[in-house]
Amino acid sequence: MTKRTSLPRLYLLAFLLLLGSHTHSYGQKNSKSTPNFVIIFADDLGYGDLGTYGHPTIRTPHLDRMAYEGQKWTNFYVGASVCTPSRAALLTGRLPIRNGMSSSKSRVLFPNSKNGLPANEVTLAEQLKKAGYSTACIGKWHLGHKEQYLPTNNGFDYYFGIPYSNDMDHVGKGNYKKLAKGGQKSIIKEDYNVPLLRNTEVIERPANQNTITRRYSDEAVSFIKENKDKPFFVYLAHNLPHIPLFASKDFLGKSKRGLYGDVLEEIDNGVGKIIAALKDEGLAENTIVVFTSDNGPWLPFKTHGGSAGLLRAGKGSTWEGGMREPGIFWGPGKIKPGVISDLGSTMDLFTTFSNMAGIPVPDDRVVDGVDLSPTLLEHGASPRESILYYRQNELYAVRLGDFKAHFITNGVYGQFGKKEIHNPPILYNLSEDPSEQFDIAEDHPEVLTKINELVAAHKSKLIKGKDMLAERE
């Protein structure tokens with residue numbers, strides 16, 4: 001009797017063990033086919049500010065190693081040359097003019113702005129939620145400070161950060177351009193009454209900017225560890241090196257580059273923490289980490305601003321220094337190492353990550369991002385062929401392949417001349433002349449013809465979104 005009853009039990013036990021084994025195997029397979037994503041987004045970082053992009057004194061060993069182990073893109077662009085529209089472009093995969101996150105009256109959102117990112121826009125976080133991702137936004141948001149516009153109403157499960165730029169809500173005395181000459185001793189965190197939020201609640205005001213870079217990185221590490229058993233997306237958008245500059249006591253005064261170098265070296269240290277956490281948790285082989293910035297350096301602040309390296313101009317402009325940024329992709333189980341000189345854009349992250357996660361890209365709107373995965377995974381040619389350089393609501397320049405035509409040029413922050421309309425456009429070959437010094441329009445009328453055709457096609461189908469930046473309260 002004992003033998004007759006134990007046999008079925010053994011069969012049942014074996015069946016359950018086999019079922020469990022298959023279930024676990026399926027879960028592992030599904031996990032490996034659905035990568036985690038981490039985007040680390042600096043603020044006002046110049047093309048020439050990292051060691052791997054040629055800076056001689058700023059030490060960025062973790063980012064340098066990311067570039068060595070992954071891909072370093074040398075022609076990687078943002079969607080705009082200032083904060084708000086650039087962030088909107090990254091998160092929606094669309095030119096800001098399409099969703100109203102650019103304006104002819106205001107370049108960015110302010111603490112008294114009335115509006116923010118439209119509710120009908122689909123963010124990368126909302127995309128990834130469709131595939132069961134846990135999502136976190138950590139750091140600077142700048143797409144609307146009212147509750148309905150905050151990250152937790154735009155696809156993010158968790159938010160920890162400031163709602164706009166760290167120089168807003170200024171209550172201190174003096175002009176930062178003058179104070180910057182004295183270094184951090186002249187600037188205290190209480191000069192800026194910026195709130196720090198956890199989800200929708202203000203937990204600190206003013207935000208302690210001396211420690212905020214470290215806290216952002218630590219929050220990212222915590223979120224990764226808490227969500228390691230399911231796919232996750234972390235969007236870490238640092239406040240810095242946007243002015244005012246602050247660094248913690250562990251980094252203050254340590255860089256040969258001065259305070260600006262201190263700031264970047266602390267950001268780099270945080271990148272190292274995130275990479276270490278991914279490795280410690282066994283997630284490195286199934287995670288893609290991207291590092292880039294929202295726009296070029298804020299040059300009027302001299303040593304408190306960064307460097308665009310050999311590129312012309314900086315933040316606010318449609319010269320290369322305003323919109324070409326470092327672009328580093330790391331993922332040892334997926335990214336094929338190399339230096340990539342093809343074109344890429346932050347808008348492409350929306351389409352690329354959606355496709356990698358198996359999520360259809362919305363077909364009810366124009367999405368400007370393309371899928372970079374053939375380049376990232378196999379060194380195939382990038383499908384991106386052109387870059388549109390908008391300044392507010394005007395198309396200033398277009399890059400097609402190696403060539404860039406400027407229809408309008410304009411200085412910024414009192415530098416680089418006055419606004420000038422060019423007819424015919426001025427033309428540069430950026431592969432041969434990345435500093436945009438030598439106009440070759442007369443030698444290449446056929447290139448200008450192709451660029452004009454591209455512009456005509458773009459404008460013929462362009463539907464501008466309602467201006468969400470102009471209104472103030």
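A cavity is a set of grid points where a 1.4 Å probe fits but cannot get out. By this rule, the predicted model holds two cavities of 30 Å³ or more. The legends below describe close-up views of these and other local features.

**Figure 1. The largest cavity of the predicted model, with a volume of about 110 Å³.** The lining of this cavity comprises 16 residues, and those nearest its centre are Ala-80, Pro-85, Ser-102, Tyr-390 and Gln-392. Helix 4 (96-99) and strand 12 each contribute at least two residues to the lining. By class, the lining of the largest cavity has eight nonpolar, six polar and two charged residues.

**Figure 2. The largest pocket, containing about 420 Å³ of space.** Of the 19 residues lining the largest pocket, Arg-98, Asp-368, Ser-386, Leu-388 and His-458 are the closest to its centre. Strand 12 (386-391) and helix 12 (445-461) each supply at least two lining residues. The largest share, four residues, is provided by helix 12. The lining of the largest pocket divides into eleven nonpolar, three polar and five charged residues.

**Figure 3. The packing of helix 7 (residues 212-226) against helix 8 (residues 259-280).** The two axes come within 9 Å and cross at roughly 10°. Helix 7 is therefore roughly parallel to helix 8. On the side of helix 7, the contact is made by Thr-213, Arg-214, Ser-217, Asp-218, Ala-220, Val-221, Ile-224 and Lys-225. Helix 8 contributes Glu-266, Ile-267, Gly-270, Lys-273, Ile-274, Ala-277 and Leu-278 to the contact. In this contact, seven residues are nonpolar, three are polar and five are charged.

**Figure 4. The crossing of helix 2 (residues 61-69) and helix 8.** The axes of helix 2 and helix 8 come within 7 Å, with a crossing angle of roughly 55°. The two helices are therefore oblique to each other. Helix 2 makes the contact through Pro-61, His-62, Leu-63, Arg-65, Met-66 and Glu-69. The residues of helix 8 in this contact are Asp-268, Asn-269, Val-271, Gly-272, Ile-275 and Lys-279. The contact of helix 2 with helix 8 divides into five nonpolar, three polar and four charged residues.

Figure 5. The buried residues are Asp-348, Leu-349, Phe-350, Thr-351, Thr-352, Phe-353, Ser-354 and Met-356. Just after helix 10, Gly-358 adopts a positive phi of about 75°.

**Figure 6. Pro-195 in the loop between helix 6 (176-179) and strand 5 (196-198).** Pro-195 has a relative accessibility of 4% and therefore counts as buried, the cut-off being under 20%. Neighbours within four places in sequence aside, Pro-195 is in contact with Gly-161, Ile-162, Pro-163, Tyr-164, Asp-169, Val-202, Glu-204 and Arg-205. Arg-257 is 62 residues from Pro-195 in sequence, and their C-alpha atoms are 29 Å apart in space.

**Figure 7. Backbone geometry at two cis peptide bonds and at two residues with positive phi.** Most residues other than glycine have a negative phi, and most peptide bonds are trans. The bond from Ile-243 to Pro-244 is cis, with omega near 5°; Pro-244 is located in the loop between strand 7 (232-237) and helix 8. Asn-423 and Pro-424 are likewise joined by a cis peptide bond, with omega about 10°, and Pro-424 lies in strand 15 (residues 420-429). His-379, in the loop between helix 11 (373-378) and strand 12, has a positive phi near 65°. At 34% relative accessibility, His-379 counts as partly exposed. Tyr-413 occupies the loop between strand 14 (403-409) and strand 15 and has a positive phi of about 55°. The relative accessible area of Tyr-413 is 34%, so this residue is partly exposed.

Terms used:
Residues are numbered from 1 along each chain as its sequence is written. This is a predicted model: local features need pLDDT of at least 70, side-chain atom pairs count only at pLDDT 80 or more; totals for chains, interfaces and linings use all residues. Side-chain values use heavy atoms; hydrogens and water are left out. On a 1 Å grid over the protein atoms alone, a cavity is a set of points where a 1.4 Å probe fits but cannot get out, and a pocket is an open set with protein on both sides within 12 Å along at least five of seven lines; lining residues have an atom within 4 Å of a point. Grid points are joined across faces, edges and corners, and a volume is the space filled by probe spheres set on the points. Ala, Val, Leu, Ile, Met, Phe, Trp, Tyr, Cys and Pro count as nonpolar, Asp, Glu, Lys and Arg as charged, and the others, Gly among them, as polar. Buried means under 20% relative accessible area, exposed over 50%, partly exposed in between (1.4 Å probe, protein chains only). Axes are lines fitted to C-alpha atoms, for helices over the stretch in contact, and angles run from 0 to 180 degrees between N-to-C directions. Angles under 35 degrees count as roughly parallel, over 145 as roughly antiparallel, 65 to 115 as roughly perpendicular and the rest as oblique. Contact means heavy atoms within 4.5 Å.
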